[in-house]
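Biologist: I'd like to learn how to read a structure like this one. Can we go through it together?

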Amino acid sequence: MADFKIAPSVLAADFLHLEKDIRLVNECGDVIHLDVMDGTLVPNISFGFSVIDHIAKIATAPMDVHLMVVEPQRWFKKVASEGAAMCSFHYEAAKHNTADYIAQIQQLGMKAGVAVNPDVPISKLFPFIGKADYFLVMSVFAGFGGQKFIYESLDRVAELKAEIEKRGDDALIEIDGGINLSTVAAVREAGVDIAVAGSSVYGSDDPANAIAALRSA
Ligand code: DX5
Ligand code: ZN
């Protein structure tokens, strides 16, 4: 099994002490997960590029931008200019443009990810195996941190993993939502490569230890 990575979600960070919370990921985490929401694709607004500009100045861990926005293609160049290593957009926002958007992200030098909400059949992702670098399976409905893990996500991950392996592809699976010490072992077992964790990391009294515990669960 490839390395299992933990991607702390900055959505749950302390915005009054953001520097500390980014350095935590540089030192103890694997990937900095950055949720950009537009209030239209998802029923919430988070932060945008003015915040990411500052994070980028001190980020040494790779930045993973999760675009929860309509017309995500408008922002790919901007995401690349921030130095992000990974950029995902939602299948629901892209539909028939999905393959084109993957190619655009890759041409900008980033790994391209396709994200899906829990109510989208996982087979909708199959046409993009062999194209996308990773798939972001939402295990809660995108929009808010601190929600409960949806257990059906385990079957969705396993089904996607089986299809990736069947085709001899090496796309990674990232999972996002409700990851904590009670759910992380099961998602890893199902075939997840990167687990996003917001509240279970930043809500912990000892976030560094929380990351280590999730990674080795
Ligand atoms: C939700 C975001 C997540 C969120 C996860 O739409 O995409 O990245 O921060 O938060 P937790 O880990 O608290 O469920
Ligand atoms: Zn996210």
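Biologist: Which residues lie nearest the centre of the second largest pocket?

Modeller: Before that, some ground rules: this is a predicted model, where local features need pLDDT of at least 70 and side-chain atom pairs count only at pLDDT 80 or more, while totals for chains, interfaces and linings use all residues. Residues are numbered from 1 along each chain as its sequence is written, chains are lettered from A and ligands numbered from 1 in the order in which they are written, and side-chain values use heavy atoms, with hydrogens and water left out.

Modeller: Now the idea: rolling a probe the size of a water molecule over the atoms shows where empty space is left. A pocket is an open set of points on a 1 Å grid over the protein atoms alone, where a 1.4 Å probe fits, with protein on both sides within 12 Å along at least five of seven lines; lining residues have an atom within 4 Å of a point. Here, M86, K111, D133, Y134 and L172 lie nearest the centre of the second largest pocket, out of 14 lining residues. That pocket holds about 200 Å³ of space, and its lining has 8 nonpolar, no polar and 6 charged residues.

Biologist: What is the volume of the largest pocket?

Modeller: About 380 Å³, a volume being the space filled by probe spheres set on grid points joined across faces, edges and corners. Its lining counts 29 residues, and G145, G146, Q147, G177 and G178 lie nearest the centre. Strands β2, β3 and β8 and helix α8 each give two or more residues to that lining; helices (H or I, at least four residues) and strands (E, at least two) are DSSP runs, numbered from the N terminus.

Biologist: Which residues coordinate the zinc ion (ligand 2)?

Modeller: Look for donors, meaning N, O and S atoms within 2.8 Å of the metal (3.2 Å for Na, K and Ca). For the zinc ion (ligand 2) they come from H33, D35, H66 and D176, at 2.0 to 2.3 Å. In sequence the spacing is H-x1-D-x30-H-x109-D. H33 in strand β2 and D176 in strand β7 are 143 residues apart, so this pair links distant parts of the chain. H33 counts as buried at 0% relative accessibility, and D176 is buried too, at 9% (buried means under 20% relative accessible area, exposed over 50%, partly exposed in between, with a 1.4 Å probe and protein chains only).

Biologist: How many aromatic pairs does a search of the whole structure find?

Modeller: A pair of aromatic rings is described by the distance of the centres and the angle of the planes. Rings of Phe, Tyr and Trp (its six-membered ring) pair if their centres lie within 6.5 Å; planes under 30 degrees apart count as stacked, over 60 as edge-to-face and the rest as tilted. The search finds 7 such pairs. One of them, Y91 with F128, is tilted, at 6.3 Å centre to centre and 50° between the planes. F149 and Y151 form an edge-to-face pair, with 5.0 Å and 85°; F149 is buried at 9%, whereas Y151 is partly exposed at 48%.

Biologist: What is phi of E71 near?

Modeller: Most residues other than glycine have a negative phi. Phi of E71 is near 50°, a positive value.

Key: Nonpolar A, V, L, I, M, F, W, Y, C, P; charged D, E, K, R; others polar.
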